[in-house]
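Keep the sequence and the model side by side as you read. We will go through the structure piece by piece.

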Amino acid sequence: MTNSMGFPRQGNKQNSPFFEDYLGRLLDERDHIGLTDMIHEIDAIMITVDPGHSIEYIAELALMTPYHYLTSLESDTHWTHILRVDMNSPDLLVREVKDPNIRGIFRCLNEVYPIGAHKPNSRYMGEILRVTDLKAVVELQQEREFRFFGRDGNRRLEMPENIAVSKPSPYTHNICCYMQRPLDQLRVYALGTSTIRDDVQNAYAAAKHKQEALRIADLILPIDHLATRVYSQNREVAILQWLSLSSYYYWGSYDIKDQNSSTNVTKNVHYAQEARSPAKVFTANNTPYFVNHLEKLPSPTETFVRNYGPRLHHLAVAVRDGETDGVENIEHVVAQIKSQGRGFLLDVIGSKDEGLKQIFSSASEHSSLIIEYVQRFGDFDGFFAKDNVAQLTHAAGVEEELNQLQATSSLGAAKA
Ligand SMILES: [Fe+2]
């Protein structure tokens with residue numbers, strides 16, 4: 001039996017007695033009832049975009065990440081495009097809504113937030129976790145009071161029929177899905193009709209060709225971590241809820257005092273390699289927005305959440321350790337992608353001495369997601385140097401302010 005509490009604790013942030021008590025109790029129970037050993041890696045992640053955006057988004061991902069286009073599933077009101085690196089890292093499902101007037105639960109999650117409402121169908125939806133016994137996992141989770149959409153719900157949502165889909169988390173707004181698959185079988189999504197679309201294939205092939213020509217294709221590795229931002233008061237419950245739904249353990253939290261924020265990391269108990277099952281990171285303000293005027297503290301994380309809603313902020317992909325043309329690979333990758341007109345929020349930060357270098361791209365106009373590149377040196381296995389996180393958080397906050405200004409001015413223009 002796996003011992004989910006048996007991993008060393010990292011970090012410097014103090015948690016509440018509530019968190020520490022329930023962390024141990026929840027994970028011990030998860031281990032004892034067999035859930036930890038029935039739930040495995042993140043097998044896929046799901047992103048939804050507005051009508052007309054999926055082809056360009058797939059081209060963007062083909063250039064900036066190692067993903068390949070596989071096929072498209074057509075259902076009544078959606079296209080679901082399947083992207084894959086290989087069977088040792090998660091698939092990426094890009095789902096496009098066909099009709100801009102369609103309304104649904106995922107759109108509702110965007111519409112109550114001022115910037116989120118501008119791209120009502122664009123958001124990260126959640127993960128599909130591979131399980132060895134779908135029925136048993138769902139029954140155990142239902143006994144623990146988690147709720148699922150059920151077969152009819154999946155049909156209405158046009159989600160694959162062979163996965164169990166949880167109701168969105170009140171803390172992260174993400175869904176958590178389960179799919180049963182023996183390791184020696186390919187991933188199959190039971191949804192609609194499968195076709196390889198010429199227009200998608202052509203956009204993908206052109207971007208992949210460009211990635212080869214830029215000599216970056218072999219340097220960009222699978223997803224390293226997925227970073228979700230939540231309201232400050234939801235930090236501990238968001239982590240505990242995710243741990244209850246998954247087979248992840250609590251790695252630790254770092255206080256980023258400069259930015260009035262913390263970064264909280266969870267990792268899969270079964271796979272030490274992030275490429276196999278990305279780390280899940282949660283970021284939250286240390287104090288809620290309504291005390292900022294008293295404390296005069298910066299608040300980039302909570303400002304993001306208030307504008308977009310709790311949601312995934314960035315997905316990080318790893319860059320192979322080493323050098324190209326006399327510069328570290330991350331510098332080479334970023335320079336080559338910049339040469340294609342793609343923006344970044346700051347320069348590459350960190351150093352070999354600190355163990356890693358990192359950078360944030362600008363947010364995608366299709367998904368609103370930022371891509372982080374991270375190169376680790378030697379055997380460094382951490383997620384950040386503290387100075388890096390403060391700088392990254394600050395840079396993302398500056399972009400956020402610009403977006404807010406744009407959103408406000410376009411609202412003004414619409415009224416005029
Ligand atoms: Fe990150």
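Predicted model: local features only at pLDDT ≥ 70, side-chain atom pairs only at ≥ 80, totals over all residues.

Is Ser 72 buried or exposed? Its relative accessible area is 0%. The cut-off for buried is under 20%, so Ser 72 is buried. The side chain of Ser 72 makes a polar contact with the side chain of Tyr 69, at 2.6 Å. Leave aside the neighbours within four places in sequence, and Ser 72 is in contact with several other residues, among them Trp 79, Thr 80 and His 81. Its contacts also include Thr 193, Ser 194 and Thr 195. Arg 197 and Val 200 are in contact with Ser 72 too.

β7 pairs with strand β8 (residues 175-180) in the antiparallel sense, over three bridges. To find the pairing on screen, take Ala 164: its bridge partner in β8 is Tyr 178. Strands of a sheet pair through backbone hydrogen bonds, either parallel or antiparallel.

Helix α3 (residues 54-64) is mostly covered, with nine of its 11 residues buried. Among them are Tyr 57, Ile 58, Glu 60 and Met 64.

Helix α6 (residues 150-157) has Gly 153, Asn 154 and Leu 157 buried. Where do these residues fall around the helix? Seen down the axis of α6, they fall within an arc of 100°, so they line one face. An α-helix has 3.6 residues a turn, so residues three or four places apart point the same way. The buried residues of α6 pack against β4, β5 (91-97), α4 (105-111) and β7. The face turned away from the buried side carries Arg 151 and Arg 156, both exposed. Glu 158 follows α6, and its phi is positive, near 55°.

Next comes the metal. Which residues coordinate the iron ion? The donors are His 225 (NE2), His 314 (NE2) and Glu 372 (OE), at 2.0 to 2.2 Å. Along the chain they follow the spacing H-x88-H-x57-E. His 225 lies in strand β10 and His 314 in strand β14, so the pair ties together parts that are 89 residues apart in sequence. His 225 counts as buried, at 4% relative accessibility. His 314 counts as buried as well, at 7%.

Strand β10 (residues 220-230) is mostly covered, with 10 of its 11 residues buried. Seven bridges join β10 to β14 (residues 311-319), and the two run antiparallel. In this pairing, Leu 226 stands opposite Leu 315. β10 is also joined to strand β13 (residues 279-285), by six bridges, and these two run parallel. Here Arg 229 has Thr 283 as its bridge partner.

β14 is joined in turn to β19, by six bridges, in the parallel sense. Val 317 has Tyr 373 as its bridge partner in β19. Strand β18 (residues 356-360) is joined to β19 by five bridges, and this pair runs antiparallel. In that pairing, Ile 359 stands opposite Tyr 373.

How many residues of β19 are buried? Seven of its seven residues, 370-376, are buried. Both faces are covered. Ile 370, Glu 372, Val 374 and Arg 376 lie on one side. Ile 371, Tyr 373 and Gln 375 lie on the other.

Notes. Residues numbered from 1 in each chain as written. Heavy atoms only, no water. Buried < 20%, exposed > 50% of the residue type's maximum accessible area, 1.4 Å probe, protein only. Helix = DSSP H or I, 4+ residues; strand = E, 2+ residues; numbered from the N terminus. Pairing = 2+ DSSP bridges. Polar contact = N/O pair within 3.5 Å; in protein donor to acceptor, adjacent residues only side chain to side chain. Contact = heavy atoms within 4.5 Å. Arc of directions from axis to C-beta. Donors = N, O, S within 2.8 Å, 3.2 Å for Na, K, Ca; no water.
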